[in-house]
Amino acid sequence: MNETQPLSFEERWRARYREAHTGATVTCDATLDTLLSHRSVRSFLPQAVSEAALEAAIAAAQSASSSSNLQLWSVIAVTDPERKARLAILAGQQQHVAQAPLLLAWVLDLSRIGRLGQQRDQATSGLDYLESFVVGSVDTALAAQNAAVAFESFGLGMVYIGAMRNHPEAVARELGLPPSCLVLFGMCVGFADPHDLPAIKPRLPQAVVLHRERYEARGEADLIAHYDQQVLDYQRERGSPAASNWSDAVLNRVHGPESLMGRERLHQALNELGFKLL
Ligand SMILES: Cc1cc2nc3c(=O)[nH]c(=O)nc-3n(C[C@H](O)[C@H](O)[C@H](O)COP(=O)(O)O)c2cc1C
């Protein structure tokens, strides 16, 4: 998604934070340029994603660090329109899931090492612990983000789909997952519709997230109030009909179980999928 004309680090910083960069500068090489220019794409052209791009992105994914090199993930590339349409319904009717030429289902996969143990008649009860689920989640996310950056470096757009966890068992059935597998999230991939290009979404001021030596929340409220205004500006620039600031949006998103879109029963769903989470 990075424009053909590379921007300076200062310009990329301003686009991300809506403020001038004041500290020491760095050269914005192609990698940093791709990272800083990320924006989620939710409107795609029908043009297919090439096998070459897919395989290169998965090589990037497999190049990510992996805890103890366990490689606790798999990925399913879905291009069948009917399957994408069914998954779009399961993901809260998100049209971009059906529209994207490629949907990747990123699978936290404890089953492969489980099978290895069975074949060799060796115990694998370490997989039953919450720790293994966390390790698998981290591995899957790191791999997926590497793939995302690779796709973006090719000029493709993407958006993650956490709503794949709204109905985890139905998604698992649709994709033929064995037990001890969960689609942690989906990823829509394709060329962005040039008539509906997304803008760069501002992030919290760096001082809110970057702490020095020890955690320090003093001064945070003013910085967040400032950010709330930036988010409102961003939405108004895009003609968003229901503009809401960041604080209201995130508090609404975590208000209670009713705000979790079915995911409040994730623990039960994971048990049904074969995760013990001891
Ligand atoms: C794990 C994860 C799940 C997400 N799930 C969805 C989703 O289901 N639907 C969607 O449209 N965007 C989804 N997003 C995209 C976020 O809304 C988006 O990254 C965030 O608003 C920041 O915007 P940006 O990516 O354009 O910078 C998800 C992002 C992540 C990291």
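Which backbone oxygen lies 2.8 Å from a polar atom of the side chain of S137? The oxygen belongs to F133, and the pair is a polar contact, meaning N or O atoms within 3.5 Å, one able to donate a hydrogen and the other to accept it, where residues adjacent in sequence count only if both atoms are side-chain atoms. S137 lies in helix α7 (residues 130-153), helices being DSSP runs of H or I with at least four residues, and strands runs of E with at least two, numbered from the N terminus. S137 is buried, at 18% relative accessible area, where buried means under 20% with a 1.4 Å probe and protein chains only.

A word on the model: it is predicted, so local features need pLDDT of at least 70 and side-chain atom pairs 80 or more, while totals for chains, interfaces and linings use all residues. Residues are numbered from 1 along each chain, and side-chain values use heavy atoms, leaving out hydrogens and water.

| Residue | Ligand atom | Distance |
|---|---|---|
| H38 | oxygen | 2.7 Å |
| Q94 | nitrogen | 2.7 Å |
| K201 | oxygen | 2.6 Å |

Taken alone, the ligand exposes 630 Å², and the protein buries 68% of that, by the Shrake-Rupley method with a 1.4 Å probe.

How values were computed:
Buried < 20%, exposed > 50% of the residue type's maximum accessible area, 1.4 Å probe, protein only.
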